[in-house]
Amino acid sequence: MATALKENSPATPRTSIGARLFRSRETGIVIALVIMVAVLSIAAPEFRTTDNLLNNARNFSYVGIVTIGQAMVMITGGIDLSVGSVWGVSAVTTAALMADGWPTILACGGGLVVAALFGLFNGLCVTKLRMPPFVPTLATMAIGRALALVITRGHSINDFRPFGDPFYELGGGDTFGLPNPFIIFLAFTAVAWLVLTRTVFGRQLYAIGGNEKAARLSGLEVDRVKISVYVISSVLAGIAGIIEVSYLSSAIANQGLGKELNVIAAAVIGGTALTGGEGTVFGIFVGTVILEVLRNGLVLIGTDSYWQGIFVGAVIIIAVFIDQLRKGLWRR
């Protein structure tokens with residue numbers, strides 16, 4: 001009997017490793033990404049060209065930067081619907097200040113201050129006024145879009161910096177052959193990983209999202225942490241807007257319009273739970289890449305652009321359903 005147990009014991013670690021891989025949120029989305037890339041590389045050979053891949057990296061970096069902040073909010077059990085509008089109002093504020101002669105650094109700082117104020121307002125409404133996150137962030141989504149229209153008066157802001165100004169390198173330049181926005185996204189991803197996995201603040205986010213009442217009883221300053229993540233979410237949206245302005249060399253009132261859907265979709269596809277308490281930086285990164293690969297692939301194979309939203313919505317539903325299967329909720 002003892003001999004039989006010893007002979008069978010090596011199978012246990014292998015089984016447990018397989019079970020852990022199945023239970024991992026990231027396993028499914030990584031497999032999905034690999035399949036998507038393989039299929040598109042065959043169906044649309046231009047997909048695998050270096051220029052297209054670098055263009056994809058630049059495009060998904062804007063959404064990826066904002067998704068990091070959105071995911072932190074979602075981990076605490078909240079949601080931020082205003083990121084698209086904050087993206088836009090920060091972009092036009094920065095461009096308008098530079099057009100008025102402000103130095104680049106001060107103009108960018110002004111745009112980020114506006115973004116931070118939006119996040120602070122959202123956080124205070126959620127914590128001090130005990131509003132559901134949906135309400136204040138929906139309101140600031142409308143307010144931000146209106147302010148962008150007020151600043152631009154419905155016109156684009158151009159020529160805010162002379163041709164060849166270093167500001168344009170922020171979003172349009174390359175470093176070591178990689179687009180600068182992608183490098184910035186990687187830097188923020190690394191910082192977010194350190195924060196969520198190696199700091200007390202990161203553990204507090206998961207604790208609040210897992211059980212807010214227990215977190216309060218244990219002495220955590222829940223309100224302070226929640227306000228912080230809403231400010232972080234808005235500031236990252238502002239950074240994305242400024243980088244995009246640098247790339248486009250122009251700012252318009254509808255900049256960032258509808259981006260909140262892409263940001264939330266990337267976070268959900270990446271395994272960040274809408275109910276809070278779950279989510280990883282690696283999942284956020286992969287979810288962001290999947291969203292852009294899907295969009296780019298649909299364009300390359302000639303799919304009507306009007307259908308893209310349908311495919312994105314379907315991917316979100318599938319991602320949530322797979323997560324329910326992983327947890328066993330659907331079977332129960």
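Tutor: Helices (H or I, at least four residues) and strands (E, at least two) are DSSP runs, numbered from the N terminus. This is a predicted model, in which local features need pLDDT of at least 70 and side-chain atom pairs count only at pLDDT 80 or more, while totals for chains, interfaces and linings use all residues. Residues are numbered from 1 along each chain as its sequence is written, and side-chain values use heavy atoms, with hydrogens and water left out.

Student: How many salt bridges does the structure hold?

Tutor: A salt bridge requires a side-chain nitrogen of Lys or Arg within 4 Å of a carboxyl oxygen of Asp or Glu. Under that rule, the number of salt bridges in the structure is eight.

Student: Which residue forms a salt bridge with R58?

Tutor: The closest N and O atoms of the pair are 3.0 Å apart, and the partner of R58 is D174. The two lie in distant parts of the chain, 116 residues apart: R58 belongs to helix α4 (residues 50–75), and strand β2 (residues 174–175) contains D174.

Student: Is R58 buried or exposed?

Tutor: Buried means under 20% relative accessible area, exposed over 50%, and partly exposed in between, using a 1.4 Å probe and protein chains only. R58 has a relative accessible area of 9%, so R58 is buried.

Student: By about how many helical turns are E212 and R216 separated?

Tutor: Their side chains meet in a salt bridge, with N and O 3.0 Å apart. Both residues are partly exposed, E212 at 26% and R216 at 34%. Because E212 and R216 are four residues apart in helix α11 (residues 212–217), the separation is about one helical turn.

Student: What does the count of disulfides come to?

Tutor: A disulfide is a pair of cysteine sulfur atoms within 2.5 Å. Among the cysteines, C108 is buried at 15% relative accessibility, and C125 is buried at 6%. By the distance rule, the count of disulfides is zero.
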